[in-house]
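Subject: Structure handover, with notes on the aromatic rings

Dear colleague,

I am passing this structure on to you, and I would be glad if you kept it open while reading the notes below it.

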Amino acid sequence: MAESAGRIDGFGLSWVVTDELHIMKLAVDEGRRRQGIAGRLLDDSIAAGRMRGTNYVLLEVRDTNEEAIRFYEAHGFRHIGIRPGYYAETREDAILMRKDLA
Ligand SMILES: CC(C)(COP(=O)(O)OP(=O)(O)OC[C@H]1O[C@@H](n2cnc3c(N)ncnc32)[C@H](O)[C@@H]1OP(=O)(O)O)[C@@H](O)C(=O)NCCC(=O)NCCS
């Protein structure tokens, strides 16, 4: 979680499954974006994942979520596939992205 002046600016949620770090959520308050907050949260998750022996990071992102896709690309993630209809409410597709940690 990222905080300043007693308010939450952003948060991340990830889990470790064997040697995989899976990013479940990463979000920054709209008024605090483009200031490196998500980058720091992602780096913290990856550092924690490395300590637990993970070798790669996976995540799903909506194929319409340009800013998140640009963000993950800028952090070394590559597109490795599509999960059709991944989002149950809207049946939108997810792009599956991966970053190797080795
Ligand atoms: C995606 C998100 C987490 C990025 O948070 P952030 O704190 O703004 O990201 P950072 O400041 O650490 O990184 C910004 C970098 O990401 C990329 N980026 C982020 N928003 C972008 C946009 N709108 N257009 C182009 N590139 C963008 C750029 O490379 C940018 O670097 P720059 O500012 O030097 O150009 C934020 O936009 C967000 O909370 N979105 C809504 C929730 C979401 O979609 N989460 C991801 C799915 S789990």
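The notes that follow concern the aromatic rings and the charges placed over them.

Please bear in mind that this is a predicted model, in which local features need pLDDT of at least 70 and side-chain atom pairs count only at pLDDT 80 or more, while totals for chains, interfaces and linings use all residues. Residues are numbered from 1 along each chain as its sequence is written, and side-chain values use heavy atoms, with hydrogens and water left out.

Rings of Phe, Tyr and Trp (for Trp, its six-membered ring) are taken to pair if their centres lie within 6.5 Å, and planes under 30 degrees apart count as stacked, over 60 as edge-to-face and the rest as tilted. By this rule there are three aromatic pairs. Tyr72 and Phe77 are edge-to-face, because their ring centres are 5.3 Å apart and their planes stand at 70 degrees. Buried here means under 20% relative accessible area, exposed over 50%, and partly exposed in between (1.4 Å probe, protein chains only); Tyr72 is buried at 8%, and Phe77 is buried at 4%. Ring pairs also join Phe71, Tyr72 and Phe77 into a cluster.

Tyr86 and Tyr87 make another edge-to-face pair, with 5.0 Å from centre to centre and 85 degrees between the planes; Tyr86 is partly exposed at 37%, whereas Tyr87 is buried at 13%.

A charge sits over a ring if NZ of Lys or CZ of Arg is within 6 Å of the ring centre and within 35 degrees of the ring normal. Arg62 lies over the face of Tyr87, 4.0 Å from the ring centre, and Arg98 lies over the face of Tyr56, at 4.1 Å.
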